[in-house]
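Have a look at it first, and then we'll start from one residue and its neighbours.

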Amino acid sequence: MLTGQYGDYGLPPGEASWFMHAMLVGHYLNGAAYPVGGSSRIAATILPGIERAGGAVVTSAEVVRILVEDGRAMGVRLAGGEEVRAPIVISDAGVALTFGPLLAPEVAARANVAPTVPGAAPSFAHVSLYVGLRHDGRRSPFPANRWIYPHHDHDHNVARYVADPDAPLPVTYLSFPSAKDPDFTRRFPAARRSR
């Protein structure tokens with residue numbers, strides 16, 4: 001019961017740090033949070049500050065290479081061939097992507113950073129499915145979040161699935177953001193009428 005939300009950080013309880021789980025549980029015990037207006041409000045709220053500081057936000061623009069000149073990141077090349085240059089380049093793609101396909105191999109080698117940690121087993125992926133329902137989420141018979149497990153032994157569930165991908169999924173998480181957002185029915189009045 002106490003480790004039931006391990007899916008939020010991905011490792012089964014037997015492999016996760018106590019501190020990671022304590023922070024997660026603390027988040028929920030303090031009431032958790034959901035942005036009024038949906039998660040897109042986070043980006044919409046931050047965007048004006050980025051633009052006032054001279055930055056730009058570009059979406060649906062796949063980065064294929066970090067451009068490096070004289071040992072310093074100077075910009076990125078997009079999939080369409082365009083180059084975007086900036087005085088500071090920060091990659092939040094993770095070590096594997098940044099020092100793997102995004103940097104030229106010779107640049108990554110000079111940085112002495114490998115895209116993988118020797119001896120570290122690869123993690124297993126997750127699948128997300130988003131379903132839109134024509135329904136007022138605040139009157140839903142479902143809770144805002146629902147964790148579903150085949151058995152209460154989370155470590156066993158994960159080990160069984162890693163050994164046999166045809167085994168039952170070790171965890172399924174259903175989330176109904178409309179049930180969390182007090183502004184949902186104002187933004188989507190049709191959902192209120194469809195009840």
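Start at Arg160, which touches Pro150, Ala167 and Pro168, leaving aside residues up to four places away in sequence; contact here means heavy atoms within 4.5 Å. Keep in mind that this is a predicted model, where local features need pLDDT of at least 70, side-chain atom pairs count only at pLDDT 80 or more, and totals for chains, interfaces and linings use all residues. Residues are numbered from 1 along each chain as its sequence is written, and side-chain values use heavy atoms, with hydrogens and water left out.

Arg160 sits in helix 5 (helices are DSSP runs of H or I, at least four residues, and strands are runs of E, at least two, numbered from the N terminus). With a relative accessible area of 29%, Arg160 is partly exposed (buried is under 20%, exposed over 50%, partly exposed in between, with a 1.4 Å probe and protein chains only). Helix 5 covers residues 154-163, and His154, Asn157 and Val158 are buried there. Those buried residues fall within an arc of 95° seen down the helix axis, so they line one face of helix 5; the arc is taken from the directions from the axis to the C-beta atoms.

Now for the rings: the structure holds 2 aromatic pairs (rings of Phe, Tyr and Trp, the last by its six-membered ring, with centres within 6.5 Å; planes under 30 degrees apart are stacked, over 60 edge-to-face, the rest tilted). Tyr6 and Tyr149 are stacked, 6.3 Å centre to centre with 25° between the planes. Tyr6 lies in the segment before helix 1 and Tyr149 in the loop between strand 4 and helix 5, so the pair ties together parts 143 residues apart in sequence.
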